[in-house]
Amino acid sequence: HREDRLTVGVVGTGYVGLTSAACLAHLGHRVTGVDIDADKVALLRRGEVPIAEPGLGELVNARLADGSLSFTTDLAGLATAEVVLLCVPTPVHSDGTTDLRAFDAAVETLSDVLDRDCVVVIKSTVPVGTTERTARALGRATVSNPEFLREGHAVHDFLNPDRIVIGATEATAADRVAALYEGVSAPVLRTEPASSELGKYASNAFLALKVSYVNVLTELSERLGAEVIDVAETMRLDPRIGTAFLSPGPGWGGSCLPKDTRALLHAAKQAGVDFAVLADAMAANRRQHERVVEKVREAVTGSPDGSLAGLRLGLLGLTFKAGTDDVRESPALAVAALLAEAGAVLTGYDPGVDRTADVRPVHVVDDPTLVAKDSAGLVLLTEWPQFRALDWAQLAELADRPTVVDARNLLEAEAVTRAGFAYHRLGR
Ligand code: UGA
(Lines give C-alpha, C1' and ligand atoms only; values in the text may rest on other atoms or scores of the structure.)
Protein backbone atom coordinates (compact mmCIF):
# COMPACT_ATOMS: atom_id res chain seq x y z
CA HIS A 1 0.00 0.00 0.00
CA ARG A 2 1.09 3.55 -0.61
CA GLU A 3 2.42 5.28 2.50
CA ASP A 4 0.16 8.28 2.24
CA ARG A 5 -2.91 6.10 1.80
CA LEU A 6 -6.02 7.94 2.94
CA THR A 7 -9.30 6.59 4.24
CA VAL A 8 -11.91 8.20 2.01
CA GLY A 9 -15.68 8.36 2.08
CA VAL A 10 -17.73 9.28 -0.96
CA VAL A 11 -21.33 10.36 -0.44
CA GLY A 12 -23.45 9.77 -3.54
CA THR A 13 -22.63 7.15 -6.17
CA GLY A 14 -23.84 8.87 -9.35
CA TYR A 15 -21.47 9.33 -12.26
CA VAL A 16 -19.28 11.79 -10.35
CA GLY A 17 -19.31 9.94 -7.02
CA LEU A 18 -18.83 6.48 -8.43
CA THR A 19 -16.09 7.58 -10.80
CA SER A 20 -14.31 9.44 -7.99
CA ALA A 21 -14.62 6.49 -5.61
CA ALA A 22 -13.29 3.95 -8.11
CA CYS A 23 -10.47 6.21 -9.31
CA LEU A 24 -9.35 7.14 -5.79
CA ALA A 25 -9.25 3.44 -4.88
CA HIS A 26 -7.28 2.89 -8.08
CA LEU A 27 -4.82 5.57 -6.92
CA GLY A 28 -4.27 3.54 -3.75
CA HIS A 29 -6.68 4.97 -1.20
CA ARG A 30 -9.18 3.00 0.90
CA VAL A 31 -12.60 4.16 -0.26
CA THR A 32 -16.15 3.66 0.98
CA GLY A 33 -19.01 4.75 -1.26
CA VAL A 34 -22.26 5.63 0.50
CA ASP A 35 -25.65 5.95 -1.11
CA ILE A 36 -29.17 6.12 0.33
CA ASP A 37 -30.42 3.91 -2.52
CA ALA A 38 -30.18 0.36 -1.11
CA ASP A 39 -30.85 -1.29 -4.47
CA LYS A 40 -28.03 0.62 -6.06
CA VAL A 41 -25.64 -0.27 -3.23
CA ALA A 42 -26.59 -3.95 -3.60
CA LEU A 43 -25.88 -3.71 -7.32
CA LEU A 44 -22.53 -2.01 -6.80
CA ARG A 45 -21.49 -4.56 -4.20
CA ARG A 46 -21.96 -7.23 -6.85
CA GLY A 47 -19.78 -5.19 -9.17
CA GLU A 48 -22.65 -4.16 -11.41
CA VAL A 49 -22.23 -0.58 -12.59
CA PRO A 50 -25.52 1.10 -13.53
CA ILE A 51 -23.99 3.81 -15.74
CA ALA A 52 -22.28 3.60 -19.11
CA GLU A 53 -18.76 4.95 -18.50
CA PRO A 54 -15.88 3.34 -20.38
CA GLY A 55 -13.51 1.56 -17.99
CA LEU A 56 -15.59 2.18 -14.88
CA GLY A 57 -16.95 -1.36 -14.53
CA GLU A 58 -13.47 -2.86 -14.76
CA LEU A 59 -12.11 -0.40 -12.20
CA VAL A 60 -14.94 -0.99 -9.72
CA ASN A 61 -14.58 -4.76 -9.96
CA ALA A 62 -10.80 -4.74 -9.59
CA ARG A 63 -10.97 -2.53 -6.49
CA LEU A 64 -13.86 -4.47 -4.96
CA ALA A 65 -11.75 -7.60 -5.41
CA ASP A 66 -8.68 -6.19 -3.66
CA GLY A 67 -10.81 -4.69 -0.90
CA SER A 68 -9.82 -1.07 -1.46
CA LEU A 69 -13.38 -0.14 -2.47
CA SER A 70 -16.62 -0.91 -0.70
CA PHE A 71 -20.20 0.33 -0.73
CA THR A 72 -22.74 0.83 2.03
CA THR A 73 -25.98 2.63 2.85
CA ASP A 74 -24.74 3.17 6.38
CA LEU A 75 -23.20 6.58 7.07
CA ALA A 76 -21.51 5.08 10.12
CA GLY A 77 -19.10 3.64 7.56
CA LEU A 78 -17.63 7.14 7.32
CA ALA A 79 -16.67 7.42 10.99
CA THR A 80 -12.99 6.70 10.33
CA ALA A 81 -12.76 8.68 7.11
CA GLU A 82 -9.99 11.28 6.86
CA VAL A 83 -11.61 12.83 3.80
CA VAL A 84 -15.26 12.75 2.74
CA LEU A 85 -16.32 13.76 -0.77
CA LEU A 86 -19.82 15.14 -1.26
CA CYS A 87 -21.06 14.02 -4.68
CA VAL A 88 -24.82 14.40 -4.39
CA PRO A 89 -26.96 15.91 -7.15
CA THR A 90 -27.58 19.67 -7.05
CA PRO A 91 -30.24 20.24 -9.72
CA VAL A 92 -31.09 23.76 -10.84
CA HIS A 93 -34.65 25.04 -11.25
CA SER A 94 -35.71 26.88 -14.41
CA ASP A 95 -35.27 30.22 -12.60
CA GLY A 96 -31.63 29.41 -11.91
CA THR A 97 -31.99 28.67 -8.21
CA THR A 98 -30.21 25.54 -7.04
CA ASP A 99 -32.08 22.77 -5.27
CA LEU A 100 -29.80 22.02 -2.33
CA ARG A 101 -32.17 19.67 -0.52
CA ALA A 102 -30.17 16.50 -1.17
CA PHE A 103 -26.95 18.36 -0.41
CA ASP A 104 -28.20 19.88 2.84
CA ALA A 105 -29.68 16.55 3.92
CA ALA A 106 -26.32 14.85 3.38
CA VAL A 107 -24.50 17.58 5.32
CA GLU A 108 -26.95 17.30 8.19
CA THR A 109 -26.56 13.54 8.52
CA LEU A 110 -22.78 13.83 8.33
CA SER A 111 -22.36 16.20 11.23
CA ASP A 112 -23.02 13.46 13.80
CA VAL A 113 -20.91 10.86 12.07
CA LEU A 114 -17.63 12.41 11.02
CA ASP A 115 -14.42 12.46 12.96
CA ARG A 116 -13.38 15.90 14.26
CA ASP A 117 -10.39 16.02 11.91
CA CYS A 118 -12.18 14.79 8.82
CA VAL A 119 -11.86 17.12 5.84
CA VAL A 120 -15.07 17.52 3.86
CA VAL A 121 -14.67 18.00 0.11
CA ILE A 122 -17.46 19.43 -2.01
CA LYS A 123 -17.40 17.91 -5.49
CA SER A 124 -21.02 18.73 -6.28
CA THR A 125 -21.44 21.95 -8.24
CA VAL A 126 -22.76 24.40 -5.66
CA PRO A 127 -23.57 28.12 -5.55
CA VAL A 128 -20.75 30.40 -4.48
CA GLY A 129 -20.69 30.58 -0.71
CA THR A 130 -21.87 27.01 -0.11
CA THR A 131 -18.44 25.73 0.93
CA GLU A 132 -18.07 28.34 3.67
CA ARG A 133 -21.65 27.81 4.80
CA THR A 134 -21.05 24.05 4.97
CA ALA A 135 -17.86 24.56 6.97
CA ARG A 136 -19.83 26.51 9.56
CA ALA A 137 -22.67 23.98 9.64
CA LEU A 138 -20.30 21.03 10.09
CA GLY A 139 -17.69 22.70 12.26
CA ARG A 140 -15.09 20.92 10.12
CA ALA A 141 -12.63 21.96 7.47
CA THR A 142 -14.53 22.07 4.18
CA VAL A 143 -12.89 22.39 0.80
CA SER A 144 -14.23 23.12 -2.67
CA ASN A 145 -12.78 20.74 -5.26
CA PRO A 146 -15.00 20.79 -8.36
CA GLU A 147 -15.06 17.97 -10.87
CA PHE A 148 -14.40 18.47 -14.57
CA LEU A 149 -15.52 15.07 -15.85
CA ARG A 150 -17.09 14.75 -19.26
CA GLU A 151 -19.77 12.12 -19.49
CA GLY A 152 -18.46 9.20 -21.49
CA HIS A 153 -14.86 10.10 -20.52
CA ALA A 154 -15.24 10.35 -16.75
CA VAL A 155 -12.57 7.79 -15.76
CA HIS A 156 -10.08 9.18 -18.25
CA ASP A 157 -10.76 12.75 -17.14
CA PHE A 158 -10.41 11.88 -13.44
CA LEU A 159 -7.04 10.22 -13.94
CA ASN A 160 -5.78 12.71 -16.57
CA PRO A 161 -7.26 16.03 -15.53
CA ASP A 162 -6.46 19.37 -17.15
CA ARG A 163 -6.36 20.92 -13.69
CA ILE A 164 -7.07 20.19 -10.05
CA VAL A 165 -8.73 23.11 -8.30
CA ILE A 166 -8.62 23.27 -4.51
CA GLY A 167 -10.54 26.06 -2.83
CA ALA A 168 -9.74 26.12 0.88
CA THR A 169 -9.32 28.53 3.73
CA GLU A 170 -6.90 26.29 5.65
CA ALA A 171 -3.61 25.12 4.16
CA THR A 172 -3.62 21.81 6.07
CA ALA A 173 -7.03 20.91 4.66
CA ALA A 174 -5.88 21.88 1.16
CA ASP A 175 -2.79 19.67 1.64
CA ARG A 176 -4.94 16.68 2.50
CA VAL A 177 -7.07 17.16 -0.62
CA ALA A 178 -3.92 17.54 -2.72
CA ALA A 179 -2.69 14.25 -1.23
CA LEU A 180 -5.76 12.52 -2.68
CA TYR A 181 -4.39 13.23 -6.14
CA GLU A 182 -0.77 12.30 -5.46
CA GLY A 183 0.34 10.42 -8.55
CA VAL A 184 -1.93 12.32 -10.91
CA SER A 185 -0.06 14.69 -13.13
CA ALA A 186 -1.88 18.00 -13.52
CA PRO A 187 -1.50 21.62 -12.50
CA VAL A 188 -2.92 22.18 -9.03
CA LEU A 189 -4.59 25.53 -8.50
CA ARG A 190 -4.94 26.50 -4.87
CA THR A 191 -7.37 29.26 -4.18
CA GLU A 192 -10.11 30.22 -1.77
CA PRO A 193 -13.54 28.51 -1.92
CA ALA A 194 -15.48 31.26 -3.71
CA SER A 195 -13.08 31.32 -6.68
CA SER A 196 -13.09 27.56 -6.93
CA GLU A 197 -16.89 27.44 -6.88
CA LEU A 198 -17.22 30.23 -9.42
CA GLY A 199 -14.48 28.77 -11.63
CA LYS A 200 -16.54 25.64 -12.17
CA TYR A 201 -19.58 27.59 -13.38
CA ALA A 202 -17.41 29.93 -15.42
CA SER A 203 -15.77 27.04 -17.25
CA ASN A 204 -18.98 25.29 -18.23
CA ALA A 205 -20.71 28.54 -19.18
CA PHE A 206 -17.77 29.49 -21.39
CA LEU A 207 -18.01 26.17 -23.21
CA ALA A 208 -21.70 26.85 -23.78
CA LEU A 209 -20.86 30.31 -25.04
CA LYS A 210 -18.42 28.91 -27.59
CA VAL A 211 -20.97 26.49 -28.99
CA SER A 212 -23.67 29.16 -29.15
CA TYR A 213 -21.23 31.45 -30.94
CA VAL A 214 -20.56 28.93 -33.67
CA ASN A 215 -24.24 27.99 -33.85
CA VAL A 216 -25.19 31.60 -34.55
CA LEU A 217 -22.49 31.62 -37.20
CA THR A 218 -24.32 28.78 -38.98
CA GLU A 219 -27.26 31.10 -39.59
CA LEU A 220 -25.04 33.99 -40.56
CA SER A 221 -23.04 31.77 -42.93
CA GLU A 222 -26.24 30.65 -44.63
CA ARG A 223 -27.43 34.24 -45.08
CA LEU A 224 -24.08 35.53 -46.34
CA GLY A 225 -23.16 32.59 -48.54
CA ALA A 226 -20.28 31.35 -46.38
CA GLU A 227 -19.39 27.82 -45.25
CA VAL A 228 -19.48 27.51 -41.46
CA ILE A 229 -17.07 24.58 -41.40
CA ASP A 230 -14.39 26.80 -42.94
CA VAL A 231 -15.34 29.72 -40.74
CA ALA A 232 -14.93 27.54 -37.65
CA GLU A 233 -11.67 26.10 -38.97
CA THR A 234 -10.34 29.63 -39.47
CA MET A 235 -11.05 30.25 -35.79
CA ARG A 236 -9.63 26.91 -34.65
CA LEU A 237 -6.26 27.57 -36.20
CA ASP A 238 -5.79 30.45 -33.77
CA PRO A 239 -4.45 28.87 -30.58
CA ARG A 240 -5.90 31.76 -28.58
CA ILE A 241 -9.37 30.58 -29.62
CA GLY A 242 -8.64 26.87 -29.39
CA THR A 243 -9.85 23.89 -31.36
CA ALA A 244 -12.64 22.55 -29.14
CA PHE A 245 -16.32 23.40 -28.79
CA LEU A 246 -16.67 24.98 -32.19
CA SER A 247 -18.70 22.24 -33.86
CA PRO A 248 -22.18 23.44 -34.84
CA GLY A 249 -25.12 21.36 -33.76
CA PRO A 250 -28.74 21.50 -32.62
CA GLY A 251 -27.65 23.25 -29.40
CA TRP A 252 -25.78 22.33 -26.24
CA GLY A 253 -27.46 20.20 -23.62
CA GLY A 254 -26.85 17.52 -21.03
CA SER A 255 -26.91 17.40 -17.29
CA CYS A 256 -24.30 20.13 -16.76
CA LEU A 257 -24.09 22.99 -19.26
CA PRO A 258 -27.78 24.00 -19.16
CA LYS A 259 -28.03 23.87 -15.38
CA ASP A 260 -24.72 25.59 -14.75
CA THR A 261 -25.46 28.45 -17.17
CA ARG A 262 -28.86 28.99 -15.55
CA ALA A 263 -27.29 29.01 -12.10
CA LEU A 264 -24.48 31.37 -13.11
CA LEU A 265 -26.89 33.81 -14.73
CA HIS A 266 -29.02 33.71 -11.59
CA ALA A 267 -25.97 34.33 -9.40
CA ALA A 268 -25.00 37.31 -11.57
CA LYS A 269 -28.51 38.75 -11.33
CA GLN A 270 -28.49 38.33 -7.55
CA ALA A 271 -25.16 40.07 -7.38
CA GLY A 272 -26.38 42.93 -9.59
CA VAL A 273 -24.02 42.06 -12.43
CA ASP A 274 -25.18 42.32 -16.04
CA PHE A 275 -24.11 39.06 -17.71
CA ALA A 276 -25.94 39.73 -20.99
CA VAL A 277 -23.42 37.75 -23.04
CA LEU A 278 -24.43 34.63 -21.12
CA ALA A 279 -28.16 35.34 -21.37
CA ASP A 280 -27.69 35.78 -25.12
CA ALA A 281 -25.85 32.47 -25.40
CA MET A 282 -28.79 30.77 -23.68
CA ALA A 283 -31.31 32.50 -25.95
CA ALA A 284 -29.22 31.51 -28.98
CA ASN A 285 -29.40 27.92 -27.79
CA ARG A 286 -33.19 27.97 -27.73
CA ARG A 287 -33.17 29.68 -31.11
CA GLN A 288 -30.94 26.91 -32.47
CA HIS A 289 -33.60 24.30 -31.67
CA GLU A 290 -36.09 26.39 -33.68
CA ARG A 291 -33.64 26.81 -36.53
CA VAL A 292 -33.32 23.05 -36.90
CA VAL A 293 -37.11 22.82 -37.09
CA GLU A 294 -37.18 25.57 -39.73
CA LYS A 295 -34.57 23.64 -41.73
CA VAL A 296 -36.63 20.48 -41.50
CA ARG A 297 -39.80 22.29 -42.49
CA GLU A 298 -38.19 23.77 -45.57
CA ALA A 299 -36.34 20.57 -46.54
CA VAL A 300 -39.34 18.30 -46.12
CA THR A 301 -42.16 20.50 -47.46
CA GLY A 302 -40.16 22.63 -49.87
CA SER A 303 -41.47 25.82 -48.28
CA PRO A 304 -40.62 27.86 -45.17
CA ASP A 305 -44.33 27.88 -44.30
CA GLY A 306 -45.08 24.26 -45.21
CA SER A 307 -47.03 22.18 -42.72
CA LEU A 308 -45.46 19.27 -40.88
CA ALA A 309 -48.82 18.09 -39.57
CA GLY A 310 -49.19 14.35 -39.87
CA LEU A 311 -45.79 13.87 -41.52
CA ARG A 312 -43.64 10.96 -40.39
CA LEU A 313 -40.16 12.07 -39.40
CA GLY A 314 -37.32 9.79 -38.35
CA LEU A 315 -34.82 11.01 -35.78
CA LEU A 316 -31.25 9.71 -35.75
CA GLY A 317 -29.87 10.37 -32.28
CA LEU A 318 -31.69 11.22 -29.07
CA THR A 319 -28.89 11.54 -26.49
CA PHE A 320 -27.39 14.96 -25.72
CA LYS A 321 -24.10 13.88 -27.28
CA ALA A 322 -22.58 10.74 -28.77
CA GLY A 323 -21.06 8.07 -26.54
CA THR A 324 -23.61 8.33 -23.74
CA ASP A 325 -27.05 6.93 -22.94
CA ASP A 326 -28.08 10.24 -21.38
CA VAL A 327 -31.06 12.18 -22.71
CA ARG A 328 -31.20 14.77 -19.91
CA GLU A 329 -31.79 18.24 -21.41
CA SER A 330 -30.91 16.73 -24.77
CA PRO A 331 -31.11 19.21 -27.66
CA ALA A 332 -32.38 16.29 -29.75
CA LEU A 333 -35.43 16.05 -27.53
CA ALA A 334 -35.90 19.82 -27.50
CA VAL A 335 -36.04 19.71 -31.30
CA ALA A 336 -38.33 16.66 -31.13
CA ALA A 337 -40.73 18.52 -28.85
CA LEU A 338 -40.96 21.41 -31.34
CA LEU A 339 -41.45 19.03 -34.27
CA ALA A 340 -44.21 17.23 -32.39
CA GLU A 341 -45.81 20.58 -31.57
CA ALA A 342 -45.86 21.27 -35.31
CA GLY A 343 -47.78 18.01 -35.77
CA ALA A 344 -45.02 15.67 -36.96
CA VAL A 345 -45.16 12.01 -36.00
CA LEU A 346 -41.77 10.98 -34.63
CA THR A 347 -39.79 7.77 -34.63
CA GLY A 348 -36.29 7.77 -33.17
CA TYR A 349 -33.22 5.56 -33.15
CA ASP A 350 -30.18 6.01 -30.92
CA PRO A 351 -27.39 3.46 -30.30
CA GLY A 352 -27.42 4.48 -26.61
CA VAL A 353 -31.17 4.44 -26.00
CA ASP A 354 -33.20 1.30 -25.45
CA ARG A 355 -36.48 0.67 -27.25
CA THR A 356 -38.26 0.57 -23.90
CA ALA A 357 -37.05 4.03 -22.86
CA ASP A 358 -39.71 6.68 -22.36
CA VAL A 359 -38.69 9.65 -24.49
CA ARG A 360 -42.10 10.90 -25.48
CA PRO A 361 -43.17 12.24 -27.94
CA VAL A 362 -40.64 10.05 -29.78
CA HIS A 363 -41.43 6.43 -30.47
CA VAL A 364 -38.09 4.68 -29.96
CA VAL A 365 -37.07 1.84 -32.27
CA ASP A 366 -33.97 -0.35 -32.15
CA ASP A 367 -33.14 -0.36 -35.84
CA PRO A 368 -32.29 2.62 -38.06
CA THR A 369 -34.22 1.13 -40.98
CA LEU A 370 -37.38 1.50 -38.92
CA VAL A 371 -36.95 5.27 -38.63
CA ALA A 372 -36.45 5.53 -42.39
CA LYS A 373 -39.42 3.40 -43.35
CA ASP A 374 -42.19 5.54 -44.91
CA SER A 375 -40.57 8.70 -43.55
CA ALA A 376 -41.02 12.13 -45.07
CA GLY A 377 -37.62 13.09 -43.71
CA LEU A 378 -34.74 12.07 -41.46
CA VAL A 379 -33.19 14.42 -38.92
CA LEU A 380 -29.73 13.62 -37.57
CA LEU A 381 -29.45 15.13 -34.09
CA THR A 382 -26.60 13.33 -32.27
CA GLU A 383 -23.10 12.90 -33.68
CA TRP A 384 -22.81 9.09 -33.37
CA PRO A 385 -20.03 8.21 -35.87
CA GLN A 386 -21.80 4.96 -36.80
CA PHE A 387 -24.50 7.01 -38.55
CA ARG A 388 -21.95 7.69 -41.29
CA ALA A 389 -21.69 3.97 -42.02
CA LEU A 390 -25.42 3.29 -42.29
CA ASP A 391 -26.64 1.72 -45.53
CA TRP A 392 -27.96 5.01 -46.91
CA ALA A 393 -29.06 3.46 -50.21
CA GLN A 394 -31.27 1.04 -48.30
CA LEU A 395 -32.65 3.87 -46.14
CA ALA A 396 -33.42 5.87 -49.30
CA GLU A 397 -35.43 2.97 -50.68
CA LEU A 398 -37.43 2.62 -47.48
CA ALA A 399 -38.17 6.33 -47.16
CA ASP A 400 -41.26 7.93 -48.57
CA ARG A 401 -39.26 11.10 -49.37
CA PRO A 402 -35.52 10.48 -49.03
CA THR A 403 -34.55 13.73 -47.35
CA VAL A 404 -32.08 14.15 -44.50
CA VAL A 405 -31.36 17.18 -42.36
CA ASP A 406 -27.97 16.71 -40.74
CA ALA A 407 -27.97 18.99 -37.69
CA ARG A 408 -24.46 17.84 -36.66
CA ASN A 409 -22.74 18.22 -40.03
CA LEU A 410 -21.70 14.61 -39.60
CA LEU A 411 -22.49 12.85 -42.85
CA GLU A 412 -20.52 12.83 -46.07
CA ALA A 413 -22.71 14.88 -48.34
CA GLU A 414 -21.53 13.17 -51.50
CA ALA A 415 -22.09 9.61 -50.28
CA VAL A 416 -25.55 10.36 -48.92
CA THR A 417 -26.56 12.23 -52.07
CA ARG A 418 -25.29 9.38 -54.23
CA ALA A 419 -27.43 7.01 -52.17
CA GLY A 420 -30.48 8.97 -53.27
CA PHE A 421 -31.02 11.44 -50.44
CA ALA A 422 -31.63 15.16 -50.65
CA TYR A 423 -29.01 16.34 -48.17
CA HIS A 424 -29.38 19.44 -45.97
CA ARG A 425 -27.19 20.67 -43.20
CA LEU A 426 -26.38 23.70 -41.07
CA GLY A 427 -24.25 26.64 -42.08
CA ARG A 428 -23.88 26.48 -45.81
C1 UGA B 1 -19.49 19.13 -19.45
C2 UGA B 1 -18.06 19.70 -19.51
O3 UGA B 1 -17.53 19.54 -20.83
C4 UGA B 1 -17.15 19.00 -18.51
O5 UGA B 1 -15.88 19.61 -18.51
C6 UGA B 1 -17.79 19.16 -17.12
O7 UGA B 1 -17.00 18.56 -16.13
C8 UGA B 1 -19.15 18.52 -17.13
O9 UGA B 1 -19.97 19.18 -18.10
C10 UGA B 1 -19.74 18.67 -15.77
O11 UGA B 1 -20.01 19.81 -15.35
O12 UGA B 1 -19.84 17.68 -15.04
P13 UGA B 1 -20.71 17.02 -20.53
O14 UGA B 1 -21.96 17.52 -19.91
O15 UGA B 1 -20.37 15.58 -20.42
O16 UGA B 1 -19.43 17.78 -19.92
O17 UGA B 1 -20.84 17.39 -22.06
P18 UGA B 1 -19.95 18.16 -23.14
O19 UGA B 1 -19.00 17.24 -23.78
O20 UGA B 1 -19.42 19.41 -22.54
O21 UGA B 1 -21.07 18.56 -24.20
C22 UGA B 1 -22.10 19.47 -23.87
C23 UGA B 1 -23.02 19.75 -25.02
O24 UGA B 1 -22.41 20.60 -25.99
C25 UGA B 1 -23.49 18.52 -25.78
O26 UGA B 1 -24.86 18.65 -26.06
C27 UGA B 1 -22.63 18.55 -27.03
O28 UGA B 1 -23.21 17.88 -28.10
C29 UGA B 1 -22.55 20.04 -27.27
N30 UGA B 1 -21.39 20.45 -28.12
C31 UGA B 1 -20.12 20.31 -27.65
C32 UGA B 1 -21.61 20.97 -29.39
O33 UGA B 1 -22.75 21.10 -29.85
N34 UGA B 1 -20.53 21.37 -30.13
C35 UGA B 1 -19.25 21.25 -29.68
O36 UGA B 1 -18.32 21.65 -30.42
C37 UGA B 1 -19.05 20.71 -28.41
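This is a tour of the structure above, one selection at a time.

The model is predicted: local features need pLDDT of at least 70, side-chain atom pairs count only at pLDDT 80 or more, and totals for chains, interfaces and linings use all residues. Residues are numbered from 1 along each chain as its sequence is written.

**The two domains.** Select residues 7-191 and colour them as domain 1, then 201-428 as domain 2. These bounds come from an automatic or database domain assignment. The C-alpha centres of domain 1 and domain 2 lie 33 Å apart. Where they touch, domain 1 gives 13 residues and domain 2 gives 13 residues; two residues are in contact if their C-beta atoms, placed from the backbone, lie within 7 Å. On the domain 1 side, six of the residues are nonpolar, five polar and two charged. Here Ala, Val, Leu, Ile, Met, Phe, Trp, Tyr, Cys and Pro count as nonpolar, Asp, Glu, Lys and Arg as charged, and the others, Gly among them, as polar.

**The ligand.** Select the ligand next. It is surrounded by 21 residues, and the closest are Glu151, Ser247, Gly249, Trp252 and Cys256. A residue is near a molecule if its C-beta atom, placed from the backbone, lies within 6 Å of it. This shell holds 11 nonpolar, six polar and four charged residues. Why does the ligand lie between domain 1 and domain 2? Because both domains give residues to the shell around the ligand.

Look for cysteine 256 in the loop between α9 (228-236) and α10 (257-270). Helices (H or I, at least four residues) are DSSP runs, numbered from the N terminus. Cysteine 256 is buried, because 23 other C-beta atoms lie within 10 Å. Buried means 20 or more such atoms within 10 Å, exposed 12 or fewer, and partly exposed in between, with C-beta atoms placed from the backbone.

**Helix α8.** Select residues 193-224: this helix, α8, gives the most to the shell around the ligand, with three residues. The 32 residues of α8 reach 46 Å from first C-alpha to last, close to the 46 Å expected, where the expected span is 1.5 Å times one less than the number of residues. Just after α8, glycine 225 has a positive phi of about 75 degrees.

**Aspartate 280.** Finish in helix α11 (residues 276-301), which holds aspartate 280. Aspartate 280 is partly exposed, with 15 other C-beta atoms within 10 Å. Aspartate 280 and leucine 209 are 71 residues apart in sequence, and their C-alpha atoms are 8.8 Å apart in space.

Technical notes. Helix = DSSP H or I, 4+ residues; strand = E, 2+ residues; numbered from the N terminus.
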